[in-house]
Structure formats: C-alpha cells, structure tokens
Amino acid sequence: MIPTTTIALGTPTVDRVREAMAALREWQDDGAPMQLHPGDLGWHYRFGAAETASVIRTWSRAGRIVAVGMLDSPRLLRMTVAPDAFQDEGLARRLAEDFSLPEHGVLPEGAVSVEAPLGLLVHDLLSEEDWGVDEPWTPLFRDLTEPVEDPGVRITPIGPDQAQDFAEVLRSAFDTSRPTSEYRRSMSAAPFYADARCLGAYDDQGEVAAVVTVWSAGPGRPGLVEPMGVHANHRGRGYGRAITLAGASALRELGSSSARVCTPSSYSGAVATYRAAGFERRGEVRDRVRAG
C-alpha cells in the first residue's frame, strides 16, 4: 500500500489563504475539466475573511500544496488537485480517507457530497467505498480569443453604492432571502477582488435587470462566471444573455483565455442562456455522494 502519512491536511489561517488561491490560479487551464476556481474562494469572501479561511482545506506534500478543497456548506466539499496529481495513488488514498472519516475534520457523519473534477483517481476509490453520484450538472465554456459581441443593453459596474440592487437581483433570481447588500461590500473589500468585475444590465427606465460577477485566474487562464442572475421581473427579455456577454467581455479585458460556468442540468433556462451567449456545452458532471 502506498503511504498517505507524507501528505499533510490543513486549514489555513487568514493570512495564508493566499497560498491556496495561488495554487488554484496555477492549476487553471483551458484543457482542464471543470474544477474549483480561485473565483469560488473569492465569491465566498462575501462571508468575510475568517469564515472563508475556516472552510478551506489543503493537502500538502513536502511543503507543496497538491490539493485544495472548499466547504461550500458543512456537507458539500468542492475540491481539485494539481494537474500532475490526478492519478497520484498516495494522494487519492489520503483524500478518500479524509472524506470518509469525520474525525479528520473535512466532512461530518451522515449524508455528504464531494465535487471533484473528472479524471481524478479518487473517484475510483470512492466507488469502491460505495459512494454514489448526485444529479447532473452542465459545464459550459466560451473561448475568448476573439472580441465578444456587444450585449445590446446598458451595462455599468456594480460598486458598493449599488450593493442593494445587487442583492435584490440575486434574491429574485434564485428565489432566496440570503443575499444581502453586505455581500457586495464584503466581496469588494477582499484581497482578491482585483481579479473580479461586478456588472449590471439596466432597462430603459434605469432599473437593474441582471447582474454578474466574473473572476479572472490571471492572463492566459480561464475565468469564472459566479454568480449571474436576472430579476424575475425582467426574465425572457434577453438580459441574461446580455449580462453574460458583458461578463465574458470583462474577462477578456482582464486577459482570460476563456470563460467557464457550471449549472444544474435541470436549469434548462440557465443552460439556454449561456449557450445563447456563445458558451459551448460540455459533458455532464456529478458530485459524489455518501448516503446518511
């Protein structure tokens, strides 16, 4: 058996979150499958620096981070590994062990989920331990080599002064009460917000109809759309396509090579919106799940 004790599991302090972000930036590549992106951590900063640090898990070997995970909820871990470690048996065994044993401090007892990119050896090990699969998600990608077409509506930056508008659109778009104006303010105060752009699409009466936040991973690397939403009062009028185009254009200006997003396959309207904005649909992916 390949030993797993040489791999250290940890939770970074606030001032060491940058190391996890740097690893994630380095691992982003147009040829890679859909995976955890530094923008996912940036979006989580809406809850503050301490909360974001507390949900990150890193796996390191000889001082090098080889895997990064983020608890999107107490029972859902989203993670990825270094490109040269997708088939690393020692790492795969350590990950499977840490996912399965609550005392290791990654996931609790009972029903849990793990989002991991296709191609990881750990999928095989989880199958051997009777982990199943959840509902399908659809990854979508758009190449940004060529300029992005004009969205056809007024697009303006959404700054802290428009934080309430940002929150109201997201609450309406996702039918939830969770987003608050503080989300936007906390996000913009995060150390990684220089890699992001937050935009709004406005109607002829000056009301914000849709919003998007996009995250760069650096020049020549794929950027992330997270989140995009259209207010319920403006659905079916092309604002989703328009704000997605605006977000893709912003990523191109930041030097991103492509834009990517992943949405539940059951959200047929969202899939159609991204495809209308020039995104290509890729093969479906599924989280790994352990029943309670």
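Predicted model: local features only at pLDDT ≥ 70, side-chain atom pairs only at ≥ 80, totals over all residues.
**Cores**

The largest nonpolar core holds 44 residues. Trp59, Met79 and Phe99 have the most contacts inside it. At least two residues of this core come from each of helix 1 (17–27), strand 2 (56–61), strand 3 (64–73), strand 4 (76–81), helix 4 (89–100), strand 5 (112–115) and helix 5 (122–128).

Leaving out residues up to four places away in sequence, Phe99 touches Trp59, Leu77, Met79 and Arg290, among others.

**Helix 1**

Val17, Ala20, Met21, Ala23, Leu24 and Trp27 are the buried residues of helix 1. They cover an arc of only 160 degrees around the axis, so they lie on the same side of helix 1. The face turned away from that buried side carries exposed Arg18 and Glu26. The buried residues of helix 1 pack against helix 2 (38–44), helix 3 (49–54), strand 2, strand 3 and strand 4.

**Aromatic pairs**

The count comes to 7 aromatic pairs. Two of them involve Trp43.

| Pair | Centre to centre | Angle between planes | Class |
|---|---|---|---|
| Trp43 and Phe166 | 6.4 Å | 80 degrees | edge-to-face |
| Trp43 and Tyr183 | 6.3 Å | 85 degrees | edge-to-face |

Trp43 lies in helix 2 and Phe166 in helix 6 (residues 163–174), so their pair ties together parts 123 residues apart in sequence. Tyr183, in helix 7 (residues 181–189), is 140 residues from Trp43. Trp43 counts as buried at 10% relative accessibility, and Phe166 is buried at 0%. Tyr183 is buried too. Trp43, Phe47, Phe166 and Tyr183 form one aromatic cluster.

**Charges over rings**

The charged end of Arg154 sits over the ring of Tyr202, 4.6 Å from its centre. Arg282 lies over the face of Phe141, at 4.2 Å from the ring centre.

Technical notes: Residues numbered from 1 in each chain as written. Heavy atoms only, no water. Core = buried A, V, L, I, M, F, W, Y, C linked by side-chain atoms within 4.5 Å. Buried < 20%, exposed > 50% of the residue type's maximum accessible area, 1.4 Å probe, protein only. Helix = DSSP H or I, 4+ residues; strand = E, 2+ residues; numbered from the N terminus. Contact = heavy atoms within 4.5 Å. Arc of directions from axis to C-beta. Phe/Tyr/Trp six-rings, centres within 6.5 Å; stacked < 30°, edge-to-face > 60°. Lys NZ or Arg CZ within 6 Å of the ring centre and 35° of its normal.
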